[in-house]
Amino acid sequence: MEPSAAAATSSRKKRRNSSPAAHGEAKRFKAEREDEGATATTAAAACALPSRLPRVSVPLDRLQQPITLNELTELLHFAALGRTGGVSQPSWCRLHHQKNVKGVNVVIVEDLSQSHFYRHYLTLRHLRTNYSSRVTFTPSPDNVASEIFSSEVPKSDSLSQLHKENSELPKALKYHPVITKFGTQRRGLTAYLLTQEEMVGSHYPVKGLPGFEEFASTESVDSVTDSSPLYGLDCEMCLTEKGNELTRVSLVDSDGNCVLDDLVKPETRILNYLTKFSGITAGMLGPITTTLADVQAKLKALLPRDAVLVGHSLNSDLKALKLIHRLVIDTSLLYRKEFGQRFKLKILAEMILRRQIQTEEVMGHNPIEDAVAALELAQYFIRTGPRQVVENHLEELWGYTIEEESTEPPAPEPSHRFADILQTLGRSVAFSGKRSDVALDLSNQQWHNSDKEMLASFRRQTKCPFLSVLQFSSFSDHLKPCVLQRQQQQNQRVCANLRDMCAVFAGPFPAAFTAKEVKRLFRCCGPVRKIKMLNTAVRVHAEVEFKLLEGARLALKTLNGYSLQGQSIKVHRPVNESLLDLDLTLDALASDPLNASHLYAVKLKPSVAECAGSSAKVNGRTLDSQRPGATSSKITNGLHPAKASDDLSEETLRETFGPFGAVEIVVLPAKPGKRATHAYIKFGSSEGRRAALSSSEHLRTEGYVICPSLTPPHLPSWVALTTTSVVAEGDDEESTHTSSQDQEVEPMMGKLDRRLGKLFRFLPDDTLSVVVLLGCNSANGPLPGLCFMEVKSGSRGEK
């Protein structure tokens, strides 16, 4: 073994032996999680099923770089068209499970920059809590809305084939209700599941809605796959004193085999058996003791967690069962008619399955027969595809034929503009905002005088366009007279506030202490941007500005009360107006979706580790620590100091923090040729971070000091772009003007955030929502914008 390898191995062994407490604490948390009960274990097993919820992820290295308008359109193209449209994943991010994306909504906010967002961070609650991806946006001189619609989609064989199929689509099919809803392509069963909005609109029992508080609920998983099992369901009811109550329930599996067929005794007195339809008689129910609760329990036991229930107008059956099940295919909504009308199950079975059901010769309906018919109708639709289904049964079901169309000259080369392609595929596009020169047909534009009017009009729609772009301009109108000057002032203030948040004052230091020595001491908490020595007539102090918010936080945590040559130094924040709500801002940043499972860690030098690891500074006792960088072999209060030779490495960090939870990523920021002084650790869930933070005292015994991540990953790209535009702060008169301007802008930012929240809640599930604060260009350099991305999901909900 090489000497260096042997030393490293020895060091790891000593580290493990020196502090079993930290690992013991981690194991205790792990044991607690494992002992949370059978219910939690079952839920965890269900979560192991592959999730099909679409989501956006951005690699860390790309979060630290701004994106351009062209890169944004890459994401929009892929979200709308995917690989079936010949479009590749964006170069800078990943959209997972794109096939399940149901729509794209883009909000453009004029003349707001990234500095506005962080200046009013606490006010913009919706934006900071409901978007899990956030990246700096480079201001564009072009009309962003127009560029989105007119952007060219790369040519491909797949796209050409889609063009060909849709250009050949007869007019009778192009506007057919089935084609309008489901398109022409054959897809898996997940494409035909009812969304939560569709279930509410079709009067299905939905958890959380009034009237369904006492309904039982199956334990369905959040999402299913195209291979999930289908089950046909049908019920029969009779009229009682309470209304319609369940008297029979039948369930068949995906092969049509009956797995449940039970008669049910209603709770109240029966007024009418409805025998003509239900087939139920008094004699049949006489000896029955099975209750509604009994069949609910049987169904919950029989149905797998990813089971999809199929039925015809299944909402009535689930209401009779007083059962909530989220995964549903309704055949009355597959085989659609114009104006919301529906076919009877008997007609569909006769025309498509060539089978007679519900005949007059038999008294009442047979629920097993009806459940099988609904199941086979759904399977046929999925297997055949919407276009072929319509073509096969256009005349007999919908009552019209495809007429011969006159021969026309060959069509011109198809357009590859984004909006044109979507419209060719039968997907609606729309622009809403003030009158603007947007590259889109006027019929697809809605002009409004205010953001309030625009939002109200958009929310009145019965169906969202597949691609919608909304341009918010009220804020821009308010600032228009001096927007550029205000933007620059705003940017300067936010950069100054950020510097204050990253700064601490420290002292007193020994008389001969230099800036270099102060930096050497404080860089153990994180990278230091600048040291400013403050020499008074009596003592020496220093202002320390870190590059990261975490550096200042750890300096307060570890170096306040640190003993230096027998003299205790104090570390504290600057005191000014901009930091009055600093504690609230830092707490919000720590719980920000971008930081929720991230941890910041540093490895302290022995002298600092001893002081940080003990409570001496809190109790007023002073440790006789060495000068910065010096080694110390003593152990304070029984705590073992870290080894000076131990550098941060991914291996040691995974070994130390792995017991608290699955470690997904370890980031060690360092310049080429330099060793890392701090690390970011991303756990698989926020639970891992919580467990590590709860064990922070034990981690100190190994020399690690930790805190929640605070600095958003994209912030360096913003700081880099704004460096040239930051100038010295103005005089007192300008500061007074700025403060009054902030008070004027604050309620407008709150109103904007509430409107964006209303819009987000209105969007259908599985819609990619993008919000772009445009920023702007100025003579002093760009004022960067900010791009937020999230795929709305009913299971996640709004926070």
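**Close-up views of a predicted model**

**View 1. Strand S16 and its two antiparallel partners.** Three bridges link S16 to strand S21 (residues 570-572), and the two run antiparallel. Look for Phe509, whose bridge partner in S18 is Val540. Keep in mind as you explore that this is a predicted model.

**View 2. Inside strand S16.** Strand S16 spans residues 503-509, and six of its seven residues are buried, so the strand is largely enclosed by the rest of the structure. Pro508 itself belongs to strand S16. For comparison, most peptide bonds are trans.

**View 3. An open sheet of seven strands.** Follow the strands in the order S4-S29-S26-S3-S15-S13-S14; they form an open sheet with mixed pairing. Strand S4 (133-137) and strand S14 (445-447) stand at the edges with a single partner strand each, so one side of each has no neighbour in the sheet. On average, neighbouring strands of this sheet are turned by 15 degrees against each other, direction ignored.

**View 4. The pairing of S3 with S26.** Strand S3 (residues 103-109) and strand S26 (residues 767-773) pair in the parallel sense over seven bridges. Val109 has Leu773 in S26 as its bridge partner. In a regular strand, side chains alternate between the two faces of the sheet.

**View 5. Two helices across the sheet.** Helix H5 (residues 69-81) lies across S3, S4, S26 and strand S29 (785-791), and runs at about 165 degrees to S26. Helix H22 (residues 451-459) lies across S3, strand S13 (429-433), S14 and strand S15 (467-472), running at about 160 degrees to S15.

**View 6. Two loop residues with positive phi.** Most residues other than glycine have a negative phi. His203, however, has a positive phi, near 65 degrees. You will find His203 in the loop between helix H12 (196-201) and strand S5 (216-217), and it is exposed, with a relative accessible area of 53%. Leu274 also has a positive phi, of about 50 degrees. Leu274 sits in the loop between strand S9 (270-272) and helix H13 (275-278) and is partly exposed, at 27% relative accessible area.

**View 7. Two cysteines.** Cys235 is buried, at 4% relative accessibility, while Cys258 is partly exposed, at 40%. A search of the whole structure finds zero disulfides.

Note on methods. Residues numbered from 1 in each chain as written. Predicted model: local features only at pLDDT ≥ 70, side-chain atom pairs only at ≥ 80, totals over all residues. Heavy atoms only, no water. Pairing = 2+ DSSP bridges. Helix = DSSP H or I, 4+ residues; strand = E, 2+ residues; numbered from the N terminus. Axes fitted to C-alpha atoms, helices over the stretch in contact; angles between N-to-C directions. Contact = heavy atoms within 4.5 Å. Buried < 20%, exposed > 50% of the residue type's maximum accessible area, 1.4 Å probe, protein only. Disulfide = S-S within 2.5 Å.
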